[in-house]
Amino acid sequence: MIGQIRTESMIQQQLSALNQVNVLLGRVSSSVHQTFVAQLLSLPKFDDVRRLERHGFSAGSQNEEDGILVEIFRRIGSPNKTFFEFGVGSGLQ
């Protein structure tokens, strides 16, 4: 019984540690993505104020899609700003 409790406790600790690593990797990935996009947009080939990437920001999206959608709706002048996403992971983002 005591051995089982210790094993369950160790599993919970390992899961917690893995979750923390996952969160840190997500932050690093986001930072790398932002740096890469910034470098691309600084190239003359991509230096256009109309590019949607310049309007990106994240309120809950992984790759600043929130800002891009806001800009798309602004450009098309849609009075109804509803967006449906299919294929979302857990639905909590």
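Mentor: Arginine 74 and glutamate 71 both sit in helix H2, three residues apart, about one turn of the helix. Helices here are DSSP runs (H or I, at least four residues), numbered from the N terminus. This is a predicted model, where local features need pLDDT of at least 70, side-chain atom pairs count only at pLDDT 80 or more, and totals for chains, interfaces and linings use all residues. Residues are numbered from 1 along each chain as its sequence is written, and side-chain values use heavy atoms, with hydrogens and water left out.

Trainee: Is glutamate 71 buried or exposed?

Mentor: Buried means under 20% relative accessible area, exposed over 50%, and partly exposed in between (1.4 Å probe, protein chains only). Glutamate 71 has a relative accessible area of 6%, so the word for it is buried.

Trainee: How far apart are the closest N and O atoms of arginine 74 and glutamate 71?

Mentor: Side chains of opposite charge can pair when their charged atoms come close. A salt bridge needs a side-chain nitrogen of Lys or Arg within 4 Å of a carboxyl oxygen of Asp or Glu. Arginine 74, exposed at 56% relative accessibility, forms one with glutamate 71 at 2.6 Å.

Trainee: Which residues do salt bridges that share partners join into one network?

Mentor: Glutamate 71 also meets arginine 75 in a salt bridge of 2.8 Å, N to O. Arginine 75 is partly exposed, with a relative accessible area of 41%. Through shared partners, the salt bridges build one network of Glu71, Arg74 and Arg75.

Note on methods. Helices (H or I, at least four residues) and strands (E, at least two) are DSSP runs, numbered from the N terminus.
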